[in-house]
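Biologist: Can you put the model up? I'd like to go through it with you.

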Amino acid sequence: MENIVEVRNLKIQFGENIILKNINFSVKRGEIFAIIGGSGSGKTVLLKHLIGLLESYSGEIYIENNDLEKIKKKSYDAFLNEIGVAFQYGALLGSLTLAENIMLPIMEYKTDNEAVARRIATWKLSLVDLEGFDNYYPSDISGGMKKRASIARAIALNPKILFLDEPTSGLDPITSTEIDNLIKRLNKRLGTTIILVTHDLESVFSIANSLILLDGTKKTIIAKGTPFDVFSSSDRDVQKFFERIKKSAVKL
Amino acid sequence: MKIDYTIDGETLSLLPTDMEYLLHDLGSIKHIIRNKKIKSVHLNLKNIKSFDDYTASVISYFHDNIKIFNISLEVLSAPEDFKALCDKIRSLQMPMGSKSKKKESILVTIGEKTFDTIYNSMKHIGYIGDLFISLMTIVIRPKILRKDETVDLMYKVGVSAIPIVGLISFLLGLIMAFMSSIQLKQFGANIYVASLVGLAMARELGPIMTSIIVAGRSGSAFAAELGTMKISDEIDALTVMGFDINKFLILPRVIATMIVLPILTIFSNFFANIGGLLVGVFILNLTLPAYINQLYITLSIDDILHGVIKSIIFAFLIAEIGCFRGLTVQKTTDDVGKATTSAVVSGIFLIILTDSIIAVLLTYI
């Protein structure tokens with residue numbers, strides 16, 4: 001399978017403060033790829049660089065064999081049409097209903113016909129199990145539903161790559177499992193490559209094909225591969241990370 | 001029509017190259033169906049490249065529109081899985097209308113608005129009552145006031161506003177002196193420019209202009225700050241931690257504004273008189289001592305106190321309405337915008353209304 005995202009020698013730095021260095025990884029078309037690590041390890045910052053929201057980096061980021069730096073200069077709007085992003089807290093526009101939130105990109109890029117856009121919005125909502133919630137406002141629905149609605153908005157334009165920032169954070173285990181199943185279903189049904197940032201290991205092991213593990217102290221990738229490869233790694237830092245997660249789970 | 005079509009007996013064959021054309025030509029297609037007594041439509045998609053949910057939604061919409069003619073629609077040259085997608089989208093239950101575009105009768109709207117206004121007024125009165133009780137508590141036990149926060153707010157409301165208040169007042173004094181000088185010159189009463197600027201600023205324009213600027217700067221800021229805190233559940237968090245919102249958030253703002261607005265008003269008077277003085281000295285050829293002497297003779301301590309006391313009342317109104325509007329924010333960021341606008345509009349309205357009431361009362365008392 002060909003690579004859809006490739007990152008080479010990436011170094012992210014804000015002023016004097018180095019966030020990440022020596023970042024090298026690639027994501028294959030159609031796979032579910034997870035970026036994991038503890039709090040403050042630079043997961044979300046890396047994601048924001050991959051979608052071009054932040055630019056404090058040196059090194060190379062290739063999306064579909066095109067240099068992101070060149071994409072940003074020449075065809076960023078077209079690039080944004082090819083990707084979908086669901087933010088950690090949903091980022092749904094509070095003054096619009098769920099259907100209107102999803103119709104927003106559709107009416108901007110696909111069609112001027114409101115009835116058709118509404119139909120697509122209803123379809124997208126049904127894909128994330130929110131059938132019948134078209135006219136609800138984000139404030140009327142639960143946290144899990146907001147996450148699902150934001151995923152529906154992110155897939156509004158049938159993106160080639162879907163970026164998900166902490167899709168299961170702050171959710172109960174049942175809702176987290178529902179979101180995991182939804183991600184798997186979308187990946188299978190739409191063939192979309194999914195890159196997700198998370199620290200939910202259960203989620204990673206149930207849905208990800210491959211992953212990278214970031215370390216906040218070393219400021220780099222300390223393990224990569226399939227979830228099984230990473231979990232069975234003999235590296236001390238990797239083992240420490242999993243032990244810490246296990247301990248916190250036991251405490252809970 | 002942008003779509004190629006052929007009619008074979010009672011069958012209309014459509015060959016779109018772009019699905020948008022199907023939407024564009026919908027009216028013409030309906031016209032053909034009606035006039036040529038078409039019984040079936042063949043939609044040939046061999047020139048369509050993308051078989052996604054957008055294409056399926058357009059077909060579904062198209063089908064809904066021609067259904068009324070009781071004719072069949074056959075989709076040709078499309079993959080089987082796409083036909084399944086079309087069926088799924090066609091079977092979706094479309095919600096009736098949109099919540100945001102709900103139209104009510106005018107009577108219902110008037111009724112709702114009236115009840116809303118009454119309810120909000122009652123709530124506002126209750127809020128002012130609570131605020132007074134909290135103010136009294138602070139007077140009795142000043143220790144419970146968050147002094148650092150209050151000083152910080154005094155800086156934000158007062159010190160940061162000095163440049164804009166100074167500039168506007170200076171220009172206002174300049175304009176007043178210049179405009180009045182044109183009339184007063186005719187009677188040789190140039191010297192009264194000093195009296196006019198000094199008195200008007202001290203009693204009326206000083207407190208009003210300063211209050212309007214503070215309402216625009218700080219009243220709106222209070223509404224936006226508290227509104228955002230409400231949306232992000234910070235107010236609820238403080239409440240459940242046992243904090244009294246009035247004492248913790250509102251009183252520092254009200255007290256800070258009540259302390260700095262009178263000081264800003266005095267600054268405003270000072271800068272306006274500088275403006276008047278420049279016109280007096282450089283345009284009306286008055287001497288500096290003559291101008292200052294005239295100002296001294298005209299202005300009494302009562303006049304200055306009159307303005308200062310009014311500005312304390314205005315300060316209370318600006319801060320309390322700003323905070324109240326912020327607390328009325330419900331759930332959306334849209335509400336924050338509304339609250340901010342409302343804080344400024346209500347603040348300015350209350351300033352003018354109160355000033356009028358004071359003017360009438362002082363005339364008859």
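Biologist: Which residues does Ile35(A) touch, not counting residues up to four places away in sequence?

Modeller: Ile35(A) touches Lys43(A), Leu46(A), Leu47(A), Ile195(A), Val197(A), Ile212(A) and Leu214(A), with those close in sequence, up to four places away, left out. Contact here is C-beta atoms, placed from the backbone, within 7 Å. This is a predicted model: local features need pLDDT of at least 70, side-chain atom pairs count only at pLDDT 80 or more, and totals for chains, interfaces and linings use all residues. Residues are numbered from 1 along each chain as its sequence is written, and chains are lettered from A and ligands numbered from 1 in the order in which they are written.

Biologist: Which members of the largest nonpolar core touch the most other members?

Modeller: Ile35(A), Ile102(A), Leu125(A), Phe163(A), Ile195(A), Leu211(A) and Leu213(A), in a core of 87 residues. A nonpolar core is a set of buried Ala, Val, Leu, Ile, Met, Phe, Trp, Tyr and Cys residues joined through C-beta atoms within 7 Å. Buried means 20 or more other C-beta atoms within 10 Å of a residue's own, exposed 12 or fewer, partly exposed in between, with C-beta atoms placed from the backbone.

Biologist: Which helix gives the most to this core?

Modeller: Helix 5 (residues 114–127) of chain A, with 7 residues. Helices (H or I, at least four residues) and strands (E, at least two) are DSSP runs, numbered from the N terminus.

Biologist: On to the contact. How many residues does each chain give?

Modeller: Chain A gives 18 residues and chain B gives 20 residues. Helix 5 of chain A gives the most to the chain A side, again with 7 residues.

Biologist: What about the sheet in chain A: what is the strand order?

Modeller: The order is 6-7-8-3-9-10, an open sheet of 6 strands with mixed pairing. Strands pair if DSSP finds at least two bridges between them. Strand 6 (83–86) and strand 10 (220–225) stand at the edges with a single partner strand each, so one side of each has no neighbour in the sheet.

Biologist: How do strand 3 and strand 8 of chain A pair?

Modeller: In the parallel sense, over 5 bridges. Phe33(A) has Ile195(A) in strand 8 as its bridge partner.

Biologist: Now chain B. Is Ile309(B) buried or partly exposed?

Modeller: Partly exposed, because it has 14 other C-beta atoms within 10 Å. Ile309(B) sits in helix 12 (residues 301–327) of chain B. Pro262(B) is 47 residues from Ile309(B) in sequence, and 7.4 Å apart from it in space, C-alpha to C-alpha.

Note on methods:
Contact = placed C-beta atoms within 7 Å.
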